[in-house]
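I'll jot things down as I look them up.

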Amino acid sequence: MQGQNTQRDALFMKAALAQAKRALALKEVPIGCVIVNRDGLIIGRGYNRRNTDKSTLSHAEITAIRRASKVAGDWRLEGCVLYCTLEPCQMCAGAIVQARIDRVVIGALSPKSGCGGTLLNILQNENFNHQVALTSGVMEKESQALLHTFFRELRERNRAEKQARIRAV
């Protein structure tokens, strides 16, 4: 669902993009996330660290939810908004619903794993006891550019490594 890009959404998506750049610096897929409470304060931040941590659980959203819950002193994050640079996967979408987050703001859609409406819509499934308001396309070009840069550089690195292996034989 496309939502209106407000200045507030752009401000917090910039903070999520800053987290994504931290992942990029680690040569991780650049995905970032922040969680904002009802007072407009960032209470959770996260970025992708799956390869660094060697853990499937090290997604930006999971890290941000864990940190926000610690700050809030509760697993329920009612009244909070989650900003993520890439549409959440099934694991993260499920965690968002379980955390009772009110709204999710997405930068880029994920055609291969998106569960905020692209492949599935776990966030707004009426069979669950909680549904999440959804806004997508906020700073979409910036989010996509980070991902395109990462995957282009990854392909170049892989090609160079393959050539080096061929020369070594």
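Here are my entries on the sheet, the helices and the core.

**Entry 1: what I'm looking at.** I remind myself that this is a predicted model.

**Entry 2: the sheet.** I started with the strands and asked: in what order do the five strands sit in the open sheet? Reading across, I get β2-β1-β3-β4-β5, with mixed pairing. The edges are β2 (42-47) and β5 (133-136), and each of these pairs on one side only. From one strand to the next I find an average twist of 15 degrees.

**Entry 3: zooming in on β4.** Strand β4 covers residues 103-108 and pairs with β5 in the parallel sense, over four bridges. Here I found V104 standing opposite L134 of β5. The pairing of β4 with β3 is parallel too, over five bridges. I looked up one of the partners: V81 is bridged to R103 in β4. Is β4 mostly enclosed or mostly open? Five of its six residues are buried, so I noted β4 as largely enclosed by the rest of the structure.

**Entry 4: a helix on the sheet.** Next I checked α5, which packs on the sheet and touches β3 (81-86) and β4. The direction of α5 makes about 55 degrees with that of β4.

**Entry 5: two helices side by side.** I wrote myself a reminder that two packed helices are described by the angle between their axes and the distance between the axes. For α1 (residues 7-25) and α5 (residues 140-168), I get an angle of about 5 degrees, with the axes 11 Å apart. Angles under 35 degrees count as roughly parallel, so α1 is roughly parallel to α5. Which residues make the contact? From α1 they are L17, A20, K21 and L24, and from α5 they are E142, S143, L146 and F150. Sorted by class, this contact has five nonpolar, one polar and two charged residues.

**Entry 6: the core.** The largest nonpolar core has 29 residues, and I35, L82 and V104 touch the most other members. I listed the elements that each supply at least two residues: β1 (32-36), α3 (60-72), β3, α4 (90-98), β4 and α5. The largest share, four residues, is from α3. Then I followed L82: skipping neighbours within four places in sequence, its contacts include I35, I65, I96 and V104, and also E61 and R103. Apart from this core I found another one, of 14 residues, including F12, A20, Y83 and V138.

Technical notes. Residues are numbered from 1 along each chain as its sequence is written. This is a predicted model: local features need pLDDT of at least 70, side-chain atom pairs count only at pLDDT 80 or more; totals for chains, interfaces and linings use all residues. Side-chain values use heavy atoms; hydrogens and water are left out. Axes are lines fitted to C-alpha atoms, for helices over the stretch in contact, and angles run from 0 to 180 degrees between N-to-C directions. Angles under 35 degrees count as roughly parallel, over 145 as roughly antiparallel, 65 to 115 as roughly perpendicular and the rest as oblique. Contact means heavy atoms within 4.5 Å. Ala, Val, Leu, Ile, Met, Phe, Trp, Tyr, Cys and Pro count as nonpolar, Asp, Glu, Lys and Arg as charged, and the others, Gly among them, as polar. Two strands pair if DSSP finds at least two bridges between them. A nonpolar core is a set of buried Ala, Val, Leu, Ile, Met, Phe, Trp, Tyr and Cys residues joined through side-chain atoms within 4.5 Å. Buried means under 20% relative accessible area, exposed over 50%, partly exposed in between (1.4 Å probe, protein chains only).
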